[in-house]
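Biologist: I am new to this structure. Please take me through one part of it in close detail.

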Amino acid sequence: MSHAFVKENDDQWLDDVSPTVSGLIVYLTRENNGNTVYEKRNFYDQVKGKEIHEMSNGFSYEINNEGKWQMAE
């Protein structure tokens, strides 16, 4: 069987993505039907004590205390 075929159940979740910006971009681009998603800006949130990544898909993301991506609140 060809490796070109991918099962529908092979979904990846946001918290499965490697904790790098490039990993986040690859994941978000795939979730956006192949339309490129890029980082618009990033900043350090003093209150949360975390770096926030604002992406071109209109959402912001951060790495939680377990070292996994999550949507920023």
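Biologist: Where does P19 lie? Please start there and then work through the surroundings.

Modeller: P19 lies in the segment before α1. A word on the basis: this is a predicted model, where local features need pLDDT of at least 70, side-chain atom pairs count only at pLDDT 80 or more, and totals for chains, interfaces and linings use all residues. Residues are numbered from 1 along each chain as its sequence is written, and side-chain values use heavy atoms, with hydrogens and water left out.

Helices (H or I, at least four residues) and strands (E, at least two) are DSSP runs, numbered from the N terminus.

P19 is partly exposed, at 46% relative accessible area. The scale is this: buried is under 20%, exposed is over 50%, and partly exposed is in between (1.4 Å probe, protein chains only). Leaving aside neighbours within four places in sequence, P19 is in contact with I63, G67 and W69. Contact means heavy atoms within 4.5 Å. P19 and E62 are 43 residues apart in sequence, but 9.2 Å apart in space, C-alpha to C-alpha.

E62 is buried, because its relative accessible area is 4%. Its side chain makes a polar contact of 3.0 Å with the side chain of K48. Another, of 2.6 Å, links the side chains of E62 and Q70. A polar contact is a pair of N or O atoms within 3.5 Å; within protein, one must be able to donate a hydrogen and the other to accept it, and residues adjacent in sequence count only if both atoms are side-chain atoms. Not counting residues up to four places away in sequence, E62 touches several others, including K50, I52, W69 and A72.

Q70 also stands opposite E62, in β4. Strands β3 (residues 60-63) and β4 pair in the antiparallel sense over three bridges. Two strands pair if DSSP finds at least two bridges between them.

Now the whole sheet. Four strands form an open sheet, in the order β1-β2-β3-β4, with antiparallel pairing. The edge strands are β1 and β4 (69-71), and each pairs on one side only. The twist averages 30° from one strand to the next. Helix α1 packs on this sheet and touches β1, β2 (50-55), β3 and β4; its direction makes about 35° with that of β2. Axes are lines fitted to C-alpha atoms, for helices over the stretch in contact, and angles run from 0 to 180 degrees between N-to-C directions.
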